[in-house]
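Work through the exercises below with the sequence and the model open. Each task is followed by a worked solution.

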Amino acid sequence: MKKIELEIWADSFHEGNWCCENIARIFAAEGGKHHIEYVNGFQPTFHILFKNIEISLIIFGSYKSWEPIPKKVAEILNWGKPDFIAYDPAFDKVLFAVEETAATATGNQTAQRCERQYGSLRFGIPYWYLVSEYGMHIDGGARRDSIWPTIAGLKLSIFKRTPCLVVHYSDIENLEDYQAGKGLDMLFRSITTMLRSYSNGQPILENMEPLLKEQYDDMLHFLISQWSNIVDFLPSLEAIQNDDTAERIAEFAINSPDADMEKVKDFLHWPLIQDLPNEIRDNLAGKCLLKYDKLCEMFENDVSSHVAYTLSNNAGSGKPRTTSEIQGYIQGQERKFNSVGLNPLANFSLSIEHFPFTNKQETHRHTTTAKNIVYLYDRWGDFIKSVYSSYPRLQGKLSFIDIDAPVFVYVSNSIKLGRVFGDPFTGQIAAYATAFGKFDQQPRKVVAYFPHQVHNQVFDKNGSTNKGITLMPELTDLIIFHGGVAVDLQNGKIL
Amino acid sequence: MRKYKLTEEIARWAFEVRCMQSKGWYIAFTNPTAGPWKSVKARAEDNSESEIYRFGSTEERPDIVLINDELKIVLIIEAKDSIYKLTAPNQAEKSSKVVFAMAKVLHSLSSNKYWKGRQDHRIIVGLLWGAESKTSQQARKKTFDIYLEQMAGFTGIDTSTILGIETFKAETDELTCELYFRLSDNSCLSIQETEIIAQSFGINVLPC
């Protein structure tokens, strides 16, 4: 009998055990058998017997509890922790990574886990994100999953020539129910197919094309039915609705010689303003801010002037905060702020009076500046014109990028100290940078703007690292902080 | 060879393995960070299983909730990677409140199809800790005393009983679990029952 021993690295033993139980369940349905042995009285090892092969899966639950973590697993973890990762110690090879969530992410959490998606894909690791399509919001109403992880997954599959799937479970009648919908079955059918091929000595993605095609087809159908609830238009709608597109993407995912970039040219590419649908372009108009910020006002003015566009006329606002909460956050930022070494110096100007009340009782205040958090500029030159006008101290410092390069600007209104490199911002930047063109054939530059966060947090980690510090230099071209202090993380420069 | 640190997660998981291998115990809730484990579940008489309670996103949760219908016991467990963390400042107060809140939720479920029939189950507080060297009788006694004092006056739980589970890591890396108990005058459990409980988990039992 042929034997293969694999390690399942997991965020917790529960997740690792759940993974192995589901793998064993699928093999059992096809005539396989399994038994579980507990190494050292606690570490589950699933021995799965299928035809003439024994696959042993030993679980390493709780990443931080183990030493040494295989280098290739640790590399992935630096970019965010998937819930489980399969690793073959005999060949020092990561086989796949999976993130699963029991909830439907809503609001600004919708892309929260996408830094893991990007992290796995950058190493060429097949990745699945199992998420509830329909979930219960805190207000008691039903919510449907966002389109952004799906869009990022489709585009990463093409750019990185590696499977990157978003599979949905639940349905409108059975919110957050793992047994409803296709997602759970799809995920573990895919995993067992890969394990079967791998243990037979075949390439891991051998026999996967039909399954991948089916999953990409589901992702495309999800986009078709959900995009209009989130954005005013979606590029490539014709291609998304074309029956052949799922197969084209699957060809890229398995890195087939048939994968032809021409066939997916400009797929989900957000166009320049002149190529927007007429009704979208004609209706571009900036909106009022909830809380004043000069640069955000310029962004909105630029939308009115048709040098930038936004995605939706229906963007929501962030959670209001109490006066004392905001005062505490401002104090935290002020304590951290230090302008020494900057030329010209920058000013700290956050003040509680700048945050307007949200209600007559005057208990809560807005921290949201513009409701939009995404702006797409055709030209870097137009973008920096607004930046220079808002922050004269940056005048002339941002000309290191081609003025004709298109730009994606991400705005985060976070104000609590430290809310820069963690959740959900890191995931949002990963998803949006991918979705809006960081890797497109005609790429967009990526800028993040944090009007309420001070720059001193960036290089204040005493050598320690986290997923945000790992990810931002790769995915952003510029970050602008409070007071107009810009940071070029790729070159480690504060401007 | 990969080595492990005895974290709370591993100490807790080792005990859950005993629970899964036992015949009488049902894990109604366990508290890893995410996944399909974020809600409390129960089995109805027909053996069907369903969610009976879902915690709010900021609501404090116990670490494990176990049900044994044969013994008519619900065990609500707080876990730490060492016994000393169970007695850190304010920890006993915080943990006791979490257990009390969980018990209150369970008492409110009398009409729930999946909880029905468990209204009279005894709700007992459990403490679980990891140990790389055996804890002293003194440390255990002090911990149990602090928790009994904190629980005084609470209703809906047995404030006279504490069960403690020590997950011990031997030099060989093997993990074993032991059960410790404290039964005060009004305890709803007998010594014989603690022995039955330990037996059901397949672990040793000692008084504290």
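The exercises below concern a predicted model.

**Exercise 1.** Describe the side of chain A that touches chain B.

Solution. 
- Step 1: start with the contact count. In chain A, 21 residues are in contact with 22 residues of chain B.
- Step 2: assign the chain A side to its elements. At least two residues each come from helix 1 (13-29), strand 4 (53-61) and strand 5 (66-67) of chain A. Helix 1 of chain A gives the most, with four residues.
- Step 3: sort by class. The side of chain A that touches chain B has nine nonpolar, eight polar and four charged residues.

**Exercise 2.** Find how strand 5 of chain A is joined to strand 1 of chain B.

Solution. 
- Step 1: count the bridges. Strand 5 of chain A and strand 1 (residues 3-4) of chain B are joined by two bridges.
- Step 2: name a pair. A:Trp66 has B:Tyr4, in strand 1 of chain B, as its bridge partner.

**Exercise 3.** Classify the packing of helix 3 and helix 4 of chain B as parallel, antiparallel, perpendicular or oblique.

Solution. 
- Step 1: take the geometry. Helix 3 (residues 91-107) and helix 4 (residues 137-151) of chain B pack at about 55 degrees, and their axes are 9 Å apart.
- Step 2: apply the cut-offs. Under 35 degrees counts as roughly parallel and 65 to 115 as roughly perpendicular, so helix 3 of chain B is oblique to helix 4 of chain B.
- Step 3: The crossing of helix 3 and helix 4 of chain B is right-handed.
- Step 4: list the residues. Helix 3 of chain B contributes B:Ala92, B:Glu93 and B:Ser96 to the contact, and helix 4 of chain B contributes B:Ile146, B:Tyr147, B:Gln150 and B:Met151.

Conventions:
Residues numbered from 1 in each chain as written. Chains lettered and ligands numbered in written order. Predicted model: local features only at pLDDT ≥ 70, side-chain atom pairs only at ≥ 80, totals over all residues. Contact = placed C-beta atoms within 7 Å. Nonpolar A, V, L, I, M, F, W, Y, C, P; charged D, E, K, R; others polar. Pairing = 2+ DSSP bridges. Axes fitted to C-alpha atoms, helices over the stretch in contact; angles between N-to-C directions. Parallel < 35°, antiparallel > 145°, perpendicular 65-115°, else oblique. Left-handed = near helix turned anticlockwise from the far one by under 90°.
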